[in-house]
Every structure is written in C-alpha cells, then in structure tokens.
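Hi everyone, thanks for making time this morning.

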Amino acid sequence: MVSSTDFDTNVADAAAALRRFADAPTAHLIDGRSVASETGETFDDHSPVDGTLLGRIASGGAADVDAAAAAAAAAYRSWSRTPGPERKAVLHRVADGIERRAREIALVESIDTGQAIRFMSSAAVRGAANFRYFADQAPAAADGRALPTPTHLNYTSRRAIGPVGVITPWNTPFMLSTWKIAPALAAGCTVVHKPAEWSPLTASLLAEIALEAGLPPGVLNVVHGYGETAGKAVTEHEAVKAVAFVGESVTGSMIQAQGAPTLKRVHFELGGKNPVIVFADADLERALDAVIFMIYSLNGERCTSSSRVLIEAPIYDRFTEQLAERIMSIPVGHPLDPETVVGPLVHPRHCEKVRSYVARAEAAGATVHAGRRPDGGGNDGSSNYVAPLLFAGADNSMAIAQEEIFGPVLTAIPFADEAEAVSIANDVAYGLAGYLWTADLARAHRVSDELEVGMVWVNSQNVRHLPTPFGGTKRSGIGRDGGDWSFEFYMETKNVAIALGEHPIPKLYR
Ligand code: NAD
C-alpha cells in the first residue's frame, strides 16, 4: 500500500486524538461527571492494527449501572417535560459539536475498530445527521390522533417511556449509538448507554460533546464494561423501562430473558445473512459493484452486508469469475490510509472466527478465492488482517451460507429460477435485508413481496433514508427504527376519552 501525505497526517492526528485515552483511564459518565468504577476495576482496549494498548477503560458493574440509572431517573423528570422545541435546539447543538469534532471521532473510531477511515469519516457525519433528523422531529413527537365517536372525543398523545438502556456493538459504534440515542433523547427519554468493550472510545466522546452542547447532566450516561456485567445490569435494572439493543441474535435472546422479570420493552437489531439475488437480465456491471460494496466495505462487519450472493445459473460462472478477479485489487491495509477499503478486523478472537470458515468452506467442497493482504501473507493468525474472501460453488445448506461470519467474506450460490432464488434466500434463520438485481419490474415486485426480510433494496446497495423503517424479521430482530417508528418504541401512547354530552350510562340498581 502506498504511503501518502494524507496517510502521515492521519497517523499524526490520530496519535494526538488518542493521547488522552493513553494518558488516563477512560471513566464512566454518570450525572454529568466522569467517575471511575466503584470497584476501581478497568479493562484494556487494544488497537486492532498492531495490538498496542490504546487505554484502560473503567469496567462497570451493578453499582455503577445503579448510579447511572438513578441519575437517568432523576433527569427524566425534567427532560421529559422540557418543551419539544427546546429539546430540538439542544440536539442540534449536539449535531454541531459532532460536526466540529467529526475528524477526531473518525480517527479514534478508525483505530479503535480497524474500520477504514474512508468509511469512518462519513459515519461520524452520519452521526450528526441522525441527531439533526430526530431533533427536527422532537416538537411533534408527543402528537397523537383524534378518534371521535358520536358520544366521545378520543384523543391520543405520547409521553417518553422513561429512562432507557442503549447497548451497542463494536462494528460502527459511533454511528449506531447516535441512531438509538438521538431518537431516545428527542422523545424525552434519558439514557444509560453501555458501549461495546472492544471499541469503547467514541462513546465517551459523544457523551462529552452532548454535555458541552448543554444536554443536562444525567440525561445521557455512559457505563463502560463487559456485557455479562455492565450490560446485564442495565437490562435488569428496575428504573430502566426499555432496552434498545444492537448486537448478536444470541445476546438478544439473553437480554430478553434478563429483562423479563422487570417486563422490559425491547427493540432488537440483530444479525443477518442477507441475500443479494442477481438475475441474468440485470445490469451486471452495477450489480457487481453493489455486491462488492455491500460485503467488502466496513470490513464486512455490517449487519446489512450482502453475505450471500445468489446468481442465476446462466451467468453464474462469469459473475463469480469477475468477483474473484475484482477482490484481488481491493486495497487491504492500515485503516488510516485513505486508499484502504478493508482494514484489520476488530479483535484477534473475531479474526479467528472469520478465518475458521476457510477450512469449513474447503471441507464442505466450496472453492476459496482470497484477495491480497498488505504484507502478502496468507490468512494465517499473524495479524488481524483478513484478505477479502469469496467462497464459490456453495450450496445453501453449508455453514458458510447459514451462519453470520461478519467479515469480508462472500458466499456465492447458483440458482435455476425465480422460485428457487426465493426459496434459497428465505432458507436461513435470519431475515434482515434482501437485495435484488433484475430489469423485470414485475419480478422485482414479486420477489420483494416473497422475501422474509424487513428491508429490500432493488437494483441498489443499502441507501438509507432516515424516515424509512429499519429492522429485521426472524432472528434478525424485533421492532423498527427510523422516522416515527423510533418514537413508537421510546414513547408510551395514552388515550383520553371525553364525553361530549349526556350519553347513556347503564344503571345497575333498581
Ligand atoms: P454482541 O451481541 O456480542 O455485543 C453487543 C453488545 O451487547 C456489547 O455492548 C456487549 O457488551 C453487550 N452484551 C453482551 N452480552 C450481554 C448481556 N448478557 N446482557 C447485556 N448486554 C450484553 O455483538 P457484537 O459482537 O458486539 O456485534 C456484532 C453483532 O451485531 C453482529 O451479529 C451484527 O449483525 C449485529 N449488528 C446488527 C445490526 C442491525 O442493525 N441489525 C447493526 C450492527 C450490528
């Protein structure tokens, strides 16, 4: 990989942005104050680039979550009653703060996750856009409907549900957390955020920016720590009324069980094994670009990645040959190099999991094509770099077609006709997104209708429009984000019925 002035500048700026995390342990943010864990415990956060220690992070437990939940409950009383236009103004100031520090956020995120800077720069800006979008919705969030009858006027209104827990994963942590936190705050909820332990740094930047923007203390609290301790405590806390969770399906099941005794409302965005179906009549050049973008961007660590490409038989050989050829020139390298597409994967344990599928693919009889690592090495365990992988000649029963690998790994499967394409697409436990490439409009509608997923993109990669619903079916999730769907989760609806006159009231006595 060529080294450029931009790369050198990025490295120098990232070192400056990361210094604070190396100099002192990163604390929780509870009630507007930086606090260490009650036990004094910390955990280490390492760089996926070379394993160096980025910093020590407070490791929270039940006592820290209890303090954060108490702060959130106290702040809820005034924040939920703060007029919508005022909440709107504060949230726009948070967006301003994110935009001002977007480069710092992108650099820190890139090193903490291993994600290429070209994607993290836009993810930071997306974080600000999420805040702006939901800020604008805040004034009308409580609005309801009028449902009159001849005898009564019924009207509904909404009120924030209370303090909520937000638990996020490590893949694109900043953008994903804003996607949950911004609508929660716009609705009038207060938040206890438990970021992922493998990439915790930008959560502290967001909380700091929010506080500086004038968000009152206690409205957004961050408790760092492990899922089994800090995360579990958030899901079990009596004061936390709902949990918005993004992560693995199996963790979602655990959270549902943990939250059952306190009857938590849950919103889950979980794993995926998303199909992209390519019919022979499609614009194949555009389809190739989209397929490659949707699995090899963001290190393939993306819930909506199209990790299974289903290709119509007559074009199968040509399409997979072109995929195999193109992955050879996908730049793999240092995440701060502006040229890089695939950076190091987040953690050695995750690399091990991703690499394990190479042997499984070979054992199952698939053909393995691999791109190039920056050091020219193979997909061994010597670093977190995993070259882009294509498993061709697969069938849908193989583990490489059924399991979420969450890396730069694409499984290619041929199909004979439309019915078989739909059947293969649906024959997985997941149901998040589906992609479809065809020039036949009627078929596009038919297949979109048949796919057991929450979102379909036709002749397109994932292009997100914030007012639209985002979420999955089956083991991919419960509930939807985006637009008013977010408020349906973060708010309670109340109906008020007022008698318009003297309607009959049954008399139960003689
Ligand atoms: P994960 O489930 O391991 O962890 C996610 C978060 O949950 C972390 O903060 C973790 O500490 C916490 N956690 C773990 N155990 C917990 C418990 N028992 N109680 C409470 N919290 C607990 O997921 P991950 O490995 O960090 O992220 C990758 C997964 O996230 C993938 O499956 C991916 O598909 C999914 N994801 C989904 C979406 C979506 O929108 N559907 C978006 C991004 C990522």
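Let me start with a question: leaving aside its neighbours within four places in sequence, which residues is serine 59 in contact with? Keep in mind as we look that this is a predicted model.

Here is what comes out. Serine 59 touches His28, Ser37, Thr39, Glu41, Thr42, Phe43, Asp64, His224, Gly225 and Tyr226, once neighbours within four places in sequence are set aside. If you want to find serine 59 on the screen, go to the loop that joins strand S4 (53-58) to helix H2 (62-79). Is serine 59 buried or exposed? Its relative accessible area is 8%, so serine 59 counts as buried.

Now let's step back to the domains. The chain splits into domain 1, covering 9-270 + 476-494, and domain 2, covering 275-458. Their C-alpha centres are 30 Å apart. At the interface, 25 residues of domain 1 meet 29 residues of domain 2. Together the two domains bury about 2,300 Å², with 62% of that on carbon and sulfur atoms. And how many salt bridges does the rule find across this interface? The count for domain 1 and domain 2 is 0.

Next, a spot for those of you who like backbone angles. Leucine 298 has a positive phi of about 50 degrees, and it is not a glycine. Asparagine 299 also has a positive phi, of about 60 degrees, and is not a glycine either. As a reminder, most residues other than glycine have a negative phi. Leucine 298 sits in the loop between helix H10 (284-296) and strand S12 (308-312), and asparagine 299 lies in the loop between H10 and S12 too. With a relative accessibility of 12%, leucine 298 is buried. Asparagine 299 is buried as well, at 0%.

Let's finish on the outside. Leu153, Tyr155, Ile498 and Leu500 make a nonpolar surface patch of about 340 Å². Of these, leucine 500 falls in the segment after strand S21 (491-499). Leucine 500 is exposed, because its relative accessible area of 55% is over the 50% cut-off.

Arginine 33 is another exposed residue, at 52% relative accessible area. You will find arginine 33 in strand S2, residues 33-35.

Terms used:
Residues numbered from 1 in each chain as written. Predicted model: local features only at pLDDT ≥ 70, side-chain atom pairs only at ≥ 80, totals over all residues. Heavy atoms only, no water. Patch = residues over 30% accessible without salt bridge, like charges linked within 9 Å, V, L, I, M, F, W, Y side chains within 5 Å. Areas by Shrake-Rupley, 256 points an atom, 1.4 Å probe, with all protein chains shown as cover. Salt bridge = Lys/Arg side-chain N within 4 Å of Asp/Glu carboxyl O. Helix = DSSP H or I, 4+ residues; strand = E, 2+ residues; numbered from the N terminus. Buried < 20%, exposed > 50% of the residue type's maximum accessible area, 1.4 Å probe, protein only. Domains from an automatic or database assignment. Contact = heavy atoms within 4.5 Å. Buried area = accessible area lost by both parts, 1.4 Å probe.
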